Amino acid sequence: GTSPLPSAAPSAAASPTPSPASPSPADSTQVALQGDGLGLIEIPSGSNRMLLIESSTAQQVRTGLDAALGAGTDQELPDCGPSVVTRAYPGLQVVLQGDRFVGWSTRPGSTLQTVDGIGLGSTQAELRAAAPAVTVMETTLGREFSLSGGYYGTLDGSGDSAAVTTMAAGNACLFR
């Protein structure tokens, strides 16, 4: 006769054991600011997905950010163009046009950061260390910085100790 292969026998894995994927209080989603959108990083697994400007739908943005930051609130902005809506979250505002995600901006008190650790309160020296190709200029909004193909924002002064006061990417619907 034939004997069963060892792999066909029930294994100890059939007994109930906690799954590493089961939710625990430490599980959460962090939002990372990026020049081309927003990153949703699952903690502790580290898996991530992107909400890309011009590629992600308004529903994908609402679903992802509502889960990570709590339910956002919408406000129509006719001055920013047809069918433009902002969705406000603690520390973040996203701009949606029709069914498209078109940009984001930080809100006062934001603790959100880029994966390089840049956020509100970061210094110009920290900004230059994280993004050496940064350009700084005087504009009607004050002292602004920008990165080629990336995020932009304002500083509260000049010199290495000047602090980042706003950050945005894409169409943030800012008035000059």
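Guide: What follows is a set of questions and answers about this model, which is predicted.

Visitor: What makes β1 and β2 a pair of strands?

Guide: Pairing requires at least two bridges between two strands. Seven bridges join β1 to β2, so the two count as paired. They run antiparallel and form a hairpin with two residues between them. One of the bridges sets V31 against L40 in β2.

Visitor: How do you know that β2 also pairs with β3?

Guide: The rule is again at least two bridges, and β2 and β3 have five, so they pair as well. These strands run antiparallel, with G39 standing opposite M50 in β3. Their hairpin has four residues between the strands. In the turn, G46 has a positive phi of about 85°.

Visitor: Which peptide bond is cis?

Guide: The bond from I43 to P44 is cis, with omega near 10°. P44 is placed in the loop between β2 and β3.

Visitor: Which residues have the most contacts inside the largest nonpolar core?

Guide: They are L38, L65, V94 and W104, in a core of 28 residues. Among the elements that each supply at least two residues of this core are β1, β2, α1 and β11. Another core, of six residues, lies apart from it, and L77, C80, V102 and C173 are among its members.

Visitor: What is L65 in contact with, leaving aside its neighbours within four places in sequence?

Guide: Its contacts are V31, L38, L40, L51, G70, Y89, L92 and V94. Contact here requires heavy atoms within 4.5 Å.

Visitor: Why is the link between E54 and R100 called a salt bridge?

Guide: The cut-off is 4 Å between a side-chain nitrogen of Lys or Arg and a carboxyl oxygen of Asp or Glu. For E54 and R100 the closest N and O atoms are 2.1 Å apart, so the pair qualifies. E54 lies in the loop between β3 and α1 and R100 in strand β7, so the bridge ties together parts that are 46 residues apart in sequence.

Visitor: Why is E54 called partly exposed?

Guide: Partly exposed covers the range between under 20% (buried) and over 50% (exposed). E54 has 43% relative accessibility, so it falls in that range. R100, with a relative accessible area of 35%, is partly exposed by the same rule.

Visitor: Which residues are linked with D66 and R87 in a network of salt bridges?

Guide: R62 and D74 belong to that network together with D66 and R87.

Visitor: How many salt bridges does the count come to?

Guide: By this rule the count is five.

Terms used: Residues are numbered from 1 along each chain as its sequence is written. This is a predicted model: local features need pLDDT of at least 70, side-chain atom pairs count only at pLDDT 80 or more; totals for chains, interfaces and linings use all residues. Side-chain values use heavy atoms; hydrogens and water are left out. A nonpolar core is a set of buried Ala, Val, Leu, Ile, Met, Phe, Trp, Tyr and Cys residues joined through side-chain atoms within 4.5 Å. Buried means under 20% relative accessible area, exposed over 50%, partly exposed in between (1.4 Å probe, protein chains only).
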